[in-house]
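Dear colleague,

Please find the structure below, followed by a summary of what was found in it.

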Amino acid sequence: METLLSSRTPSPLIAPKPSSSRSHSLPSLQTRPNSLSFTPKTITSGLKKHTSESLSVPSSWLIHAQQGLAALALSLALNFCPLPYTGNAQASEFDVLYEGPPKESYIFDDAGVLSRVTKSDLKQLLSDLESRKNFKINFVTVRKLTSKADAFEYADQVLERWYPSIEEGNNKGIVVLVTSQKEGAITGGPAFIQAVGETVLDATVSENLPVLSTEEKYNEAIYSSAKRLVAAIDGLPDPGGPKANENKRESNFKSREETDEKRGQFTLVVGGLLVIAFVVPMAQYYAYVSKK
């Protein structure tokens, strides 16, 4: 760059002012843009070239660093920021507690195992019970439990959370079904427990919910439990529950007769093999000797 500047003539800007008239100075003023425009272009292009070469490696490293930080920020946001609630199908056991009792239905199907037909039949059955007897039963299905040891503790927690006072939960019942554990629980206020009776409560928990859940008949498990509880509140005979299928396993042990028969056959086979093992070599040896 020093060579380029030194080889050229001095710029008219720093040249001594001529003593002639204004007409002689006008051409020099008109050449100023041309003389000045050439030198900055050469210098600027050289600076751009050197700058791009020197900053190519740091800019690439900076892009990778920015991408890594963006990925880290996204991962932290997904791990620590809760997702918005989008419905019962995406809920959890904690959402069931904080959401409160269903307003338009009697079912909180967190596990997503109930069909529309079952939900419609339950709503009709339970709304009729509430209008006639002033007893409200809510059914809750969850996939698994992480905060409580079993379904009974969780059912009590739901009842206390939804109906904090005895007056609010006196005639309320809560039925919980845990699909992964194939078990259920029923709890409620004093008036509800008295109206249903301990016998029907224990039978429903030990028969309807676990037996049908083991066979993955969740719709039948919920609806049969509802009909059994409603019948008990209405004072009707208990319709009963399903019985567990007792699969009879065939014994792998043989009877005494079969053992004796097999033993006789085994003795004959072994005896035949022993005879062949001794007689055949002796006959071959006898034939070999007789030829000599």
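The model contains an open sheet of four strands in the order S1-S2-S3-S4, with mixed pairing; two strands count as paired if DSSP finds at least two bridges between them. Strand S1 (107-109) and strand S4 (183-188) are at the edges with a single partner strand each, so one side of each has no neighbour in the sheet. Direction ignored, neighbouring strands are turned by 10° against each other on average. Axes are lines fitted to C-alpha atoms, for helices over the stretch in contact, and angles run from 0 to 180 degrees between N-to-C directions.

Please note that this is a predicted model, in which local features need pLDDT of at least 70 and side-chain atom pairs count only at pLDDT 80 or more, while totals for chains, interfaces and linings use all residues. Residues are numbered from 1 along each chain as its sequence is written, and side-chain values use heavy atoms, with hydrogens and water left out.

The secondary structure of the chain comprises twelve helices and four strands. These are DSSP runs numbered from the N terminus (helices H or I, at least four residues; strands E, at least two).

Strand S2 (residues 136-142) pairs with S1 in the parallel sense over three bridges. Across this pairing, Phe108 stands opposite Val140 and Asp109 opposite Thr141. S2 also pairs with S3 in the parallel sense, over seven bridges, with Val175 in S3 as the bridge partner of Phe139.

Helix H6 (residues 116-133) lies across S1 and S2, at about 150° to S2. Helix H10 (residues 198-214) lies across strand S3 (172-178) and S4, at about 150° to S4.

As for confidence, the mean pLDDT (the predictor's confidence in each residue, from 0 to 100) of the chain is 74, and 62% of its residues reach 70 or more. Confidence is highest in helix H11 (residues 218-233), at a mean of 97, and lowest in helix H2 (residues 22-30), at 38. Over residues 1-57 pLDDT stays under 50, and the model has twelve contacts (heavy atoms within 4.5 Å) beyond four places in sequence for them. Where pLDDT is low, the predicted coordinates should not be read in detail.

Of the 292 residues of the chain, 27% count as buried.

With kind regards

Notes:
Buried means under 20% relative accessible area, exposed over 50%, partly exposed in between (1.4 Å probe, protein chains only).
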